[in-house]
Amino acid sequence: MKVVTYNIKCDPVGLTEADWQRMPASLRRNSFAARQQLIEEKLRAEQPDIIGFQETQPHMIRWLKEHFPDYIFMGNGREKDLSGETMLLGVRKDKFDLWGLNTVWLSPDPYVPGSRYEDQSSCPRTCLTALLRTDEFPFPIRVYLTHLDHESVSARYKGLSQILRQMEDDTDRLLTPCILMGDMNAEPGDMEFEPIRQYTSLALRDVTKDVGPTFHDFGEGVPSKIDYIFVTDPFRAISACRWHEEKDGIFLSDHDPVCALLK
């Protein structure tokens with residue numbers, strides 16, 4: 001089973017032409033439209049079974065649905081009216097049946113759209129959970145897809161703790177292998193990951209721990225590893241890698257997508 005987490009980088013919105021011209025040249029050069037050919041070539045070559053996107057916008061989702069009809073794409077916007085950036089999960093139609101789908105907001109009120117923690121940035125954050133069934137596995141699996149806050153350490157800590165509580169509750173009701181993936185906006189060893197060590201019953205393992213830095217800001221930032229794929233038993237990783245395609249200064253994103261081949 002090939003699984004990918006991919007922060008695809010949203011296009012800046014609401015900018016005047018003057019604002020756009022003041023932006024770094026690397027960002028102007030790497031608009032979503034400019035990256036589409038490279039993205040399409042890579043996804044068609046790799047054909048992941050499950051791919052979790054962060055930072056998708058409506059025009060991106062339309063493009064993905066049009067160009068990859070072999071996938072079902074699911075997710076909703078993070079704002080209070082369900083608009084805005086979407087945590088988008090894509091799964092192969094020929095391999096999976098969707099048995100369940102749920103979105104919660106990382107907040108004290110997880111079923112209130114647009115809600116967030118007080119010490120968080122202005123951006124609401126969500127976690128999408130899908131219960132999937134495939135003939136290739138003897139039992140269903142759960143996939144958790146998230147994007148933690150980019151500003152607040154404490155909000156990331158609370159958000160991850162909330163997700164792990166949900167995972168523990170879900171597995172108490174129906175024991176399934178689990179995948180947790182996404183952009184955590186924290187590096188290995190940061191205190192935000194302490195909840196993973198606390199929730200010992202889940203025994204989550206980072207199968208992407210050796211892939212190296214994943215964020216690079218279109219080749220102009222300080223590289224850091226902030227994108228992850230965690231699994232529970234009985235998953236095992238055959239391999240894991242970053243996708244670091246670049247052509248004439250055009251990248252797949254400001255993050256390298258991270259891919260794990262699981263058995």
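I looked up R205 and found a salt bridge to D233, with the closest N and O atoms 2.9 Å apart; the term requires a side-chain nitrogen of Lys or Arg within 4 Å of a carboxyl oxygen of Asp or Glu. R205 lies in strand β9 (residues 205-206) and D233 in the loop between β10 (227-231) and β11 (237-242), so the pair ties together parts that are 28 residues apart in sequence. Strands are DSSP runs of E, at least two residues, and helices are runs of H or I, at least four, numbered from the N terminus.

I note that the model is predicted: local features need pLDDT of at least 70 and side-chain atom pairs pLDDT 80 or more, while totals for chains, interfaces and linings use all residues. Residues are numbered from 1 along each chain as its sequence is written, and side-chain values use heavy atoms, without hydrogens and water.

I then checked accessibility, where buried means under 20% relative accessible area, exposed over 50%, and partly exposed in between (1.4 Å probe, protein chains only). R205 is partly exposed at 27%, and D233 is partly exposed at 43%.

I next examined R92 and D49, whose side chains form a salt bridge (3.9 Å, N to O). R92 belongs to strand β4 (residues 86-92) and D49 to the loop between α3 (32-46) and β2 (50-56), so this pair ties together parts 43 residues apart in sequence. Both R92 and D49 are buried.

I also recorded a salt bridge between R78 and E79 (3.7 Å, N to O). R78 is buried at 11%, whereas E79 is partly exposed at 29%.

Finally, I counted 19 salt bridges by this rule. K2, K42, E46 and E245 are linked in a network of them.
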